[in-house]
Amino acid sequence: MKILFTYLLFFLFLVNGTGLDAQSKMSSKHALENIPENKQTADSLLNAGEKHQNAGKFLEAMTLFEKSLKIYQKSNNQKGIGDSYNKIATNYYYQGDYLKALSYFTKCKKTYEKANFHKGVAAALNNMGAVYYYLGNYPKALDFYSQVIKIQKKIGDKKVIAAATQNIGGIYVDIRDYTNAMVYSQKANAIYRELKDSIGISHNLNGAGKIYMMQKEYAKAYDYFNQALAIANKIDDKQKTIEVLYNLGELFNTQGDLTKSLSYYNLCLASSQKINSLQYIGITQVAIGNILNKLGNTDKALKKCKTGLDIAESLGALSVKKDACKCLYETYKSRGNNNLALNYYEKSNDYKDSLQSEETSNKILNMEFQKAMLIDSIAYVTKVHKIDLKHKEEVQKKEKQRNLIIISLGFIILITIALWNRLNYVRRSRKALTIEKDRSEKLLLNILPEEIAEELKEKGFVNARDFNLVSILFTDFKSFTQTAEKMTPQNLVEEINVCFKAFDFISDKYNIEKIKTIGDSYMAAGGIPNPDKNSLKNIVSAALEMQEFMIQRKIINIAADVPAFEMRLGIHAGPIVAGIVGVKKFQYDVWGDTVNTASRIESNGMVEKVNISESLYNLIKDEKCFVFEYRGKIYAKGKGEIKMYFVEKSAVSLVNTPIVLDHSYI
């Protein structure tokens, strides 16, 4: 009875402690220091800390989580230790400290493994995937999500399956594959509704609303956001409320309705300030500043943008710092203060150059999985064949021991069995040959374009072709030799492989042809073997994504204290000759002055920039999705002076927040 009474007093203090006077707070603090250190107390601390965290009181929540952790550690309660690590990690995640969040989620996973708590291990893996997903490292995120689903096939925790499924859908959103994004979103929604999980349904509706908004289906987006907001308000989920309010502000801002957009942003800001969500306070201040500037209220716009910048600097949030500096640039430009405007314009560009994580895909992982399945199938056919042969030998041995009549009958039976086995063997062999043929076809298509591969199979050779307009892309790692000296041979090959696999995916996405790799250089072409009117735009978009991948890769490598590459990239367009030479190790290649010029454009570029020639600029200068910077005439070896331009994207990306599983999902 004494234990129960102490627990109730303690719970009341946790719920109502913020309203106590100074003397009562001192008494409560004294009570906290003298509470019995047992499992019931630790559980109470954990639950009370969760209430503080949901209310945005992160410091108070962290104090309670750490106290519960110490009690669990004293009693060696591995399950409780893992729960505490999970709460602490989630606390850091909500505050935007992703490195610490990842560290504690890792500790949580290892502790749950010691306790054989498989549901907890799956939830921790999902949360680690969510951190990598938020940072834009999609291959790493997919690896963790696949581990989650593998565990769930054994234990069947539907909540975690739904969360992992929706997070995979979120990755498809980021790579703009909205069809697959909606498929995974609907799968997750079906599970949430089956479980009557209001939190999951709210998150799912919010995610679906963002998919419709990005597809410009604004009416559907508005409907889904409103449904998500209604559920979040009903269950008093303040974190989800501010996310949906911000998205509603984005929705009307995208449609040009500044008044409604400002209204939702202000509601989001007020709700964020109540729970002290610095991440959303920062981005909302900047969003409001941008609208106030458009409405002509530059004084208030400056205050909002500066506040957003201060918060972003305290959190180390690069994307928010970039947007805040851009907001200050636009506002100072509106006021005619060109010096300050230029200062913030340069800062915004610096942050932009250090930011922007873009997409990768599990397509390559899929191919590797299919390859493994193919090998397993062939191994299975061989195994069955060996069993059949062994069985045949045993039957023959037994038949020899019987009398003449039985031998005669057995001989007839043996022939029948042999013929049947032979028939089955032929069928299995044909199936194996078909699989091998398909595999060879895939390998050939992985080396040569489909049209060229068909011509080579049909004639045994390929005729060279002239192309009037083809774009040629070259990349090269700056200071490759010096950076490579700091790495082991294995790590060097792995790092180059990661980069070039990402480039392969980007090339495939934009329908440009990879030609070859030469050491640390990557070469691709647009408009071959089939001319395409969009090839020039596509190859520039692909180049920008390659640079964005390298920038994000550098950020991740620096955080992990490993060497990082910086890349130059150049593109030129003009006539070329393409074909295959030789009779061994076929390779589709291109020749001509355009290729040589493209190489010079790349070697005269700058790291983290896309450098293009004047001839390519004249062909794409009217594309609205690009902005250009004229560099002047640059001397190129063997070519003389060439006019060159830097090209950048002009689009603005949306905020997309992955799911983080809290204790309630375990």
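Predicted model: local features only at pLDDT ≥ 70, side-chain atom pairs only at ≥ 80, totals over all residues.
Helix α5 spans residues 78-94 and helix α6 spans residues 98-114. Their axes come within 8 Å and cross at roughly 165°. Angles over 145 degrees count as roughly antiparallel, and α5 and α6 are therefore roughly antiparallel to each other. The crossing of α5 with α6 is left-handed. On the α5 side, the contact is made by Gln78, Lys79, Ile81, Gly82, Asp83, Tyr85, Asn86, Ile88, Ala89, Thr90, Tyr92 and Tyr93. On the α6 side, the contributing residues are Tyr98, Lys100, Ala101, Tyr104, Phe105, Lys107, Cys108, Thr111, Tyr112 and Lys114. Sorted by class, the contact of α5 with α6 contains twelve nonpolar, five polar and five charged residues.

A second pair is formed by helix α8, residues 138-155, and helix α9, residues 158-174. Here the packing angle is about 155°, and the axes are 10 Å apart. The helices α8 and α9 are therefore also described as roughly antiparallel to each other. The crossing of α8 and α9 is left-handed. From α8, the residues Tyr138, Ala141, Leu142, Tyr145, Val148, Ile149 and Gln152 take part in the contact. They meet Val160, Ile161, Ala164, Asn167, Ile168, Ile171 and Asp174 of α9. By class, this contact of α8 with α9 comprises eleven nonpolar, two polar and one charged residues.

The cysteines were examined next. A disulfide is a covalent bond between the sulfur atoms of two cysteines. The count for the model comes to one disulfide. This disulfide joins Cys305 to Cys327, with an S to S distance of 1.8 Å. The pair links distant parts of the chain, 22 residues apart. Cys305 belongs to helix α16 (residues 298-315), whereas Cys327 belongs to helix α17 (residues 318-334). Both Cys305 and Cys327 are buried. The cut-off for a disulfide is a pair of sulfur atoms within 2.5 Å. Cys325 has a relative accessibility of 0% and so counts as buried. Cys625, at 27% relative accessibility, counts as partly exposed.

Glu648 lies in strand β8, which covers residues 640-649. With a relative accessible area of 21%, Glu648 is partly exposed.

Asn204 is found in helix α11, which runs over residues 198-214. The relative accessible area of Asn204 is 3%, and Asn204 is therefore buried, since buried means under 20%. Leaving aside neighbours within four places in sequence, Asn204 is in contact with Gln166, Ser185, Ala188, Asn189 and Tyr192.

Notes:
Residues numbered from 1 in each chain as written. Heavy atoms only, no water. Axes fitted to C-alpha atoms, helices over the stretch in contact; angles between N-to-C directions. Helix = DSSP H or I, 4+ residues; strand = E, 2+ residues; numbered from the N terminus. Parallel < 35°, antiparallel > 145°, perpendicular 65-115°, else oblique. Left-handed = near helix turned anticlockwise from the far one by under 90°. Contact = heavy atoms within 4.5 Å. Nonpolar A, V, L, I, M, F, W, Y, C, P; charged D, E, K, R; others polar. Buried < 20%, exposed > 50% of the residue type's maximum accessible area, 1.4 Å probe, protein only.
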